[in-house]
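Look at the sequence and structure first.

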Amino acid sequence: MRIQQISVFVENKTGRLGEVIHALAVAGIDILALSMADTTDFGVLRMIVDDPDKAKTVLREAGMIVKSNHVLSILVDDQPGALAGLLEKLSRGGISVEYMYASLVRKQDKAMMLLRVDNTEAAEQLLGE
């Protein structure tokens, strides 16, 4: 299933990440998953939140650079080898995974994986809704 992800460009300065998280907390926005990647000067904070439109507004009003896109949210069995099977299926289908991270949410002994792929529609068809 497609899900909206927000990305925030965060300067590599002490306290800047805390400002992003604090702004969301004050607005009552729940973070369901997050991933942080950094470079020398800035990081990219990718998040799944319970209200992405409100989060984008709050963060932009705080002067932050925010973008959004869609990622796939896929439930996999929470057991060894389940993720490997998913990735093998995508690979056999010619779909490349650009990046991936896990959610803090667990449902019925399954882990929620979030994937950005090079062909979202083909991945959805291959894996089913």
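## A pair within helix H2

Lys56 and Asp53 sit 3 residues apart in helix H2 (residues 52–61), a separation of about one helical turn. An α-helix has 3.6 residues a turn, so residues three or four places apart point the same way. Lys56 forms a salt bridge with Asp53, with 3.5 Å between the closest N and O atoms. Here a salt bridge is a side-chain nitrogen of Lys or Arg within 4 Å of a carboxyl oxygen of Asp or Glu. Helices (H or I, at least four residues) and strands (E, at least two) are DSSP runs, numbered from the N terminus.

Lys56 is buried, at 12% relative accessible area. Asp53 is partly exposed, at 48%. Buried means under 20% relative accessible area, exposed over 50%, and partly exposed in between (1.4 Å probe, protein chains only).

## Model and conventions

The model is predicted: local features need pLDDT of at least 70, side-chain atom pairs count only at pLDDT 80 or more, and totals for chains, interfaces and linings use all residues. Residues are numbered from 1 along each chain as its sequence is written, and side-chain values use heavy atoms, leaving out hydrogens and water.

## Other salt bridges

How many salt bridges does a search of the whole structure find? The search finds 7. Arg116 pairs with Glu98, the closest N and O atoms being 3.7 Å apart. Arg116 lies in strand E6 and Glu98 in strand E5 (residues 97–107), so this pair ties together parts that are 18 residues apart in sequence. Arg116 is partly exposed, with a relative accessible area of 23%. Glu98 is partly exposed too, at 47%.

Glu11, Lys13, Arg16 and Glu19 are linked in a network of salt bridges. Within it, Glu11 forms a salt bridge with Lys13, with closest N and O atoms 3.3 Å apart. Glu11 is partly exposed, at 37% relative accessible area. Lys13 is exposed, at 54%.

Which residues of helix H4 (residues 120–127) are buried? They are Thr120, Ala123 and Glu124. Why are they on the same side of H4? They cover an arc of only 100° around the axis. The arc is that of the directions from the helix axis to the C-beta atoms. On the other side of H4, Glu121 and Gln125 are exposed.

The cover over the buried residues of H4 includes strand E1 (2–11), strand E4 (65–77), helix H3 (82–92) and strand E6 (110–117). Contact here means heavy atoms within 4.5 Å. Just after H4, Gly128 takes a positive phi of about 80°.
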